[in-house]
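Subject: Structure for your review

Dear colleague,

Please find below the structure that I am handing over to you. My findings follow it, arranged by region.

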Amino acid sequence: MASGKLGNADLAANTDTVLYTVPAGLVATVTVSLVARTAAATVRVAVTATAVPAAAEYLEYDATLPGNGVLERTGIVMSAGEKIVARASVAGVSARVHGFEESA
């Protein structure tokens, strides 16, 4: 069971990116942080069973992230097999998932 950094990515523009998937037999409590390193962006974050989120699975949808700004969602409890998926409207957005896993 892991704790600390569970996943991260330099998001490509307009591309859904799976940041983390909860392993089988575990549950996870995570925080997701997005940082716009240069220009402003709109961002999306979802918890989903697939790599392509359905409309009802978004935690953030086209939220405005100012240049050099941060968006953080905390206390996200996830079941085995669920994924955190992020998307940004421009390149230059860093995404990180950190937290802990434990037995289901």
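Leaving aside its neighbours within four places in sequence, with which residues is Ser79 in contact? Please bear in mind throughout that this is a predicted model. The residues that Ser79 contacts, beyond those sequence neighbours, are Val22, Leu26 and Val27. Ser79 itself lies in the loop that runs between strand S6 (70-78) and S7. Its relative accessible area is 41%, so Ser79 is classed as partly exposed, a class that lies between the 20% and 50% limits. Glu57 is 22 residues away from Ser79 along the chain, and the C-alpha atoms of the two are separated by 14 Å.

The open sheet

Four strands form an open sheet in the order S1-S8-S3-S6, and their pairing is antiparallel. Strand S1 (3-11) and S6 stand at the edges with a single partner strand each, which means that one side of each has no neighbour in the sheet. On average, neighbouring strands of this sheet are turned by 15 degrees against each other, direction ignored. Between S1 and strand S8 (residues 93-103), eight bridges make up the antiparallel pairing. One of the residues to look for here is Gly4, whose bridge partner in S8 is Gly99.

Strand S3 (residues 26-36) contains Ser33. Is Ser33 buried or exposed? Ser33 has a relative accessibility of 11%, and because buried means under 20%, this residue counts as buried. The side chain of Ser33 is joined to that of Glu72 by a polar contact of 2.7 Å. Apart from neighbours within four places in sequence, the contacts of Ser33 are Leu71, Glu72, Ser94, Ala95, Arg96 and His98.

Strand S7 and its partners

Strand S7 (residues 83-88) has six residues, of which five are buried, so the strand is largely enclosed by the rest of the structure. S7 runs antiparallel to strand S2 (residues 17-21), and four bridges join the two. Val18 has Val85 as its bridge partner in S7. S7 also pairs in the antiparallel sense with strand S4 (residues 41-48), over six bridges. In that strand S7, Lys83 is the bridge partner of Thr48.

The nonpolar core

The largest nonpolar core holds 27 residues, and those touching the most other members are Leu11, Val30, Leu34 and Ile84. Two or more residues of this core come from each of S1, S2, S3, S4, strand S5 (58-65), S6, S7 and S8. S3 gives the largest share, six residues. When residues up to four places away in sequence are not counted, Leu11 touches several residues, among them Thr17, Leu19, Leu34, Ala86, Val90 and Val93.

The aromatic pair

How many aromatic pairs does a search of the whole structure find? The search finds one. The pair consists of Tyr58 and Tyr61, whose ring centres are 4.9 Å apart; their planes stand at 80 degrees, so the pair is edge-to-face. The cut-off behind this reasoning is that planes over 60 degrees apart count as edge-to-face. Tyr61 is partly exposed, because its relative accessibility is 47%.

Yours sincerely,
A colleague

Conventions
Residues numbered from 1 in each chain as written. Predicted model: local features only at pLDDT ≥ 70, side-chain atom pairs only at ≥ 80, totals over all residues. Heavy atoms only, no water. Phe/Tyr/Trp six-rings, centres within 6.5 Å; stacked < 30°, edge-to-face > 60°. Buried < 20%, exposed > 50% of the residue type's maximum accessible area, 1.4 Å probe, protein only. Pairing = 2+ DSSP bridges. Contact = heavy atoms within 4.5 Å. Axes fitted to C-alpha atoms, helices over the stretch in contact; angles between N-to-C directions. Polar contact = N/O pair within 3.5 Å; in protein donor to acceptor, adjacent residues only side chain to side chain. Core = buried A, V, L, I, M, F, W, Y, C linked by side-chain atoms within 4.5 Å.
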